[in-house]
Amino acid sequence: MKFKIIIYFLLLSLISISCLDDNVIPIDKIELDETATILRYIESVGDFANTDLAPALVYAEEIFSSNSQYYILDIREPQQYINGHIDGALNISAVQLFNIVDSLFNINPVKKVVVVSQNGQASSYYTCLLRIAGFNNIYTLNYGMASWNILFADEWLNALENKDQSYTNIEYPKKAFTHLPSLEFPAEIVSAKERTIYRVKEIIKKGFVKDINYSENISTGIANTHFLVCYGPVRLYNEFAIGGKGHPENTVWFKDATLYEFRSVYSLQTLPNDQPILIYSGDGQLSSCMAAYLTLLGYNVKTLLFGANQLLYYRLAATPELTEYVFSAQDIMNYPYVTGN
């Protein structure tokens, strides 16, 4: 069985490499299962989630200075929108996102679209799905409305904590390679592109719900039931000071740039297909994107809201290599906003 798994992974790796190199003849004689077919397609059209483009952030300063160059889609609850929103923003429910973005793209495929949520976590999740579906002109507002005005920053400011007293620097190993999760599709949906878009629509329809966004602290309980992943640079995973405490127990490190270890040619298939996965990144926006990507492939994934900012905030702020992930008062621009419908 182990031999078969290794052969399966090697075949998928060869296929993925062939998609990334235009000079290599694609391997079209091998029959792939549904998930592998989707993965091969995603990698062949740019593999957005596994590039330095993810999670496609745009900053409040850019929106404020170039408002007319963007369609602004605010996916917060109607009352939040009424209490204050960016001038020109359209309030829509998240389930409408695909159809509205598709319509806007058909009207003007060049004009940029920015998705706005309360704190940047949900918008990063949806933006990643829409990018995978082929909408390359869509972005997420960095830190959401929290970066626009302090009126909307409570959730972020209340999330900044330091919970690392029981953490460790033990480097836990990745699991053995295994099969990708299994996916099923209606019989009439045949091509890899159609199946990818079908998955994107189904995941958007489900929403950024509680079983996807995880707001509680990482505890012994969650560590016993979930496969914990730190996604980012080594300084996010380990603390190099003497006696340092880098990460929660049982957390496995997956590198982002430049390896992007969730690629099929690296460590994607070391993720468990039979266990819930909880991922955290620096500020939660990248892990929200990766949760979207991995959910599309069939994994059972949660993202830790606000990422390491709610785990080891003081360490982030004190480590030069990690300050880009820190949410602070300097990120709140206090731009004017509009109230009402």
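Two strands are taken to pair if DSSP finds at least two bridges between them, and helices (H or I, at least four residues) and strands (E, at least two) are DSSP runs numbered from the N terminus. The structure is a predicted model, in which local features need pLDDT of at least 70 and side-chain atom pairs count only at pLDDT 80 or more, whereas totals for chains, interfaces and linings use all residues. Residues are numbered from 1 along each chain as its sequence is written, and side-chain values use heavy atoms, with hydrogens and water left out.

The protein has twelve helices and ten strands. Its radius of gyration, taken over C-alpha atoms, is 20 Å, which agrees with the value near 20 Å that a compact globule of 341 residues would have, the globule rule being 2.2 Å times the number of residues to the power 0.38. Along the principal axes, the C-alpha atoms fill a box of roughly 60 × 55 × 35 Å. Of the 341 residues, 55% are buried, where buried means under 20% relative accessible area, exposed over 50%, and partly exposed in between (1.4 Å probe, protein chains only). The protein exposes about 15300 Å², of which carbon and sulfur atoms supply 54%; accessible areas come from the Shrake-Rupley method with a 1.4 Å probe, and for residues only the protein chains shown count as cover. With contact meaning heavy atoms within 4.5 Å, residues 24 or more positions apart account for 76% of the contacts with a separation of 6 or more.

Strand β5 (residues 138-141) is joined to β1 (residues 57-58) by two bridges, the two strands running parallel. Here T140 in β5 is the bridge partner of L57, while L141 in β5 stands opposite V58. Three bridges join β5 to β4 (residues 112-116), again in parallel, and V114 stands opposite Y139 in β5. From β4 the chain crosses through helix α6 (residues 121-132) to β5 in a right-handed β-α-β crossover, that is, with the strands pointing away from the viewer, the path from the first strand over the helix to the second runs clockwise.

A further open sheet has five strands in the order β6-β10-β9-β7-β8, and its pairing is parallel. The edge strands are β6 (213-214) and β8 (251-254), each of which pairs on one side only. Strands β9 (residues 277-280) and β10 (residues 301-304) run parallel and are joined by three bridges, with T303 in β10 as the bridge partner of I279. Helix α11 (residues 285-296) packs on the sheet through β7 (227-231), β9 and β10, and the direction of α11 makes about 175° with that of β10.

Several backbone features fall in loops. In the loop between α2 (34-44) and β1 lies P55, and the peptide bond from A54 to P55 is cis, with omega near 5°. The loop between α2 and β1 also holds D47, a residue other than glycine with a positive phi, near 55°, which counts as buried at 6% relative accessibility. A56, in the loop between α2 and β1, likewise has a positive phi, near 65°, and counts as buried at 4% relative accessibility. In the loop between β8 and β9 lies T258, and the peptide bond from A257 to T258 is cis, with omega near 0°.

P272 is found in the loop between β8 and β9 and counts as buried at 5% relative accessibility. Not counting residues up to four places away in sequence, P272 touches K175, F227, I277 and Y299. M333, in the segment after α12 (313-318), counts as partly exposed at 26% relative accessibility; with residues up to four places away in sequence again left out, M333 touches A60, E61, S147 and W148.

Terms used:
Axes fitted to C-alpha atoms, helices over the stretch in contact; angles between N-to-C directions.
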